[in-house]
Amino acid sequence: MAFGEILKQTRLERGWTKEYVAERTHMMVKTIDALENEDFRKIPAPIYGRGFIKQYTALLKIDATPLIEEYMQINSGAASPAKTA
């Protein structure tokens, strides 16, 4: 399963809305959308993206490491996003 799909599916399995995640993580809904849709142009810098992923995965109670690694590969151009917005 792709990076964004893991976040989205896990969120949906818990019955959470994007608004709920945004409220609990103090992120904006558009940031949740950007992560789930792998639209990293909307993330200001890689360091912020890593932080957002850590916050999101902590709330979901899933391991952040593989998602951060995939994010960094996509962000560096070493890998392509599974989706494009």
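Axes here are lines fitted to C-alpha atoms, for helices over the stretch in contact, with angles running from 0 to 180 degrees between N-to-C directions.

## Ground rules

This is a predicted model, so local features need pLDDT of at least 70 and side-chain atom pairs count only at pLDDT 80 or more, while totals for chains, interfaces and linings use all residues. Residues are numbered from 1 along each chain as its sequence is written, and side-chain values use heavy atoms, leaving out hydrogens and water.

## α1 against α5

Let's start with the oblique pair. Helix α1 and helix α5 (residues 65-76) pack at about 140°, and their axes are 9 Å apart; α1 and α5 are therefore oblique to each other. (Helices are DSSP runs of H or I, at least four residues, and strands are runs of E, at least two; both are numbered from the N terminus.)

Phe 3, Ile 6 and Leu 7 of α1 meet Leu 67, Glu 70 and Tyr 71 of α5, where contact means heavy atoms within 4.5 Å. By class, that makes five nonpolar residues, no polar ones and one charged. For the classes, Ala, Val, Leu, Ile, Met, Phe, Trp, Tyr, Cys and Pro count as nonpolar, Asp, Glu, Lys and Arg as charged, and the others, Gly among them, as polar.

## α2 against α3

Next up are helix α2 (residues 18-25) and helix α3 (residues 29-36), whose axes come within 8 Å and cross at roughly 115°. That makes α2 roughly perpendicular to α3.

On the α2 side, the contact uses Lys 18, Glu 19, Val 21, Ala 22 and Thr 25, and α3 brings Val 29, Ile 32, Asp 33 and Glu 36. This contact of α2 with α3 has four nonpolar, one polar and four charged residues.

## A bridge between α2 and α3

Asp 33 and Lys 18 form a salt bridge, with their closest N and O atoms 2.5 Å apart. The pair links distant parts of the chain, Asp 33 in α3 and Lys 18 in α2, 15 residues apart. A salt bridge here is a side-chain nitrogen of Lys or Arg within 4 Å of a carboxyl oxygen of Asp or Glu, and the count by this rule is four.

Asp 33 is partly exposed at 24% relative accessibility, and Lys 18 is partly exposed at 24% too. The cut-offs are under 20% relative accessible area for buried, over 50% for exposed and partly exposed in between (1.4 Å probe, protein chains only).

## α3 and what follows

Within α3, Thr 31, Ile 32, Ala 34, Leu 35 and Glu 36 are buried. The buried residues of α3 pack against α1 (3-13), α2 and α4 (46-60). After α3 comes Glu 38, with a positive phi near 55°.

Asp 39 is buried, at 4% relative accessible area. Asp 39 pairs with Arg 41 in a salt bridge, closest N and O atoms 2.8 Å apart, and with Lys 42 in another, at 3.5 Å. Shared partners join Asp 39, Arg 41 and Lys 42 into one network. Arg 41 is exposed at 66%, and Lys 42 is exposed at 57%.

Definitions and conventions. Parallel < 35°, antiparallel > 145°, perpendicular 65-115°, else oblique.
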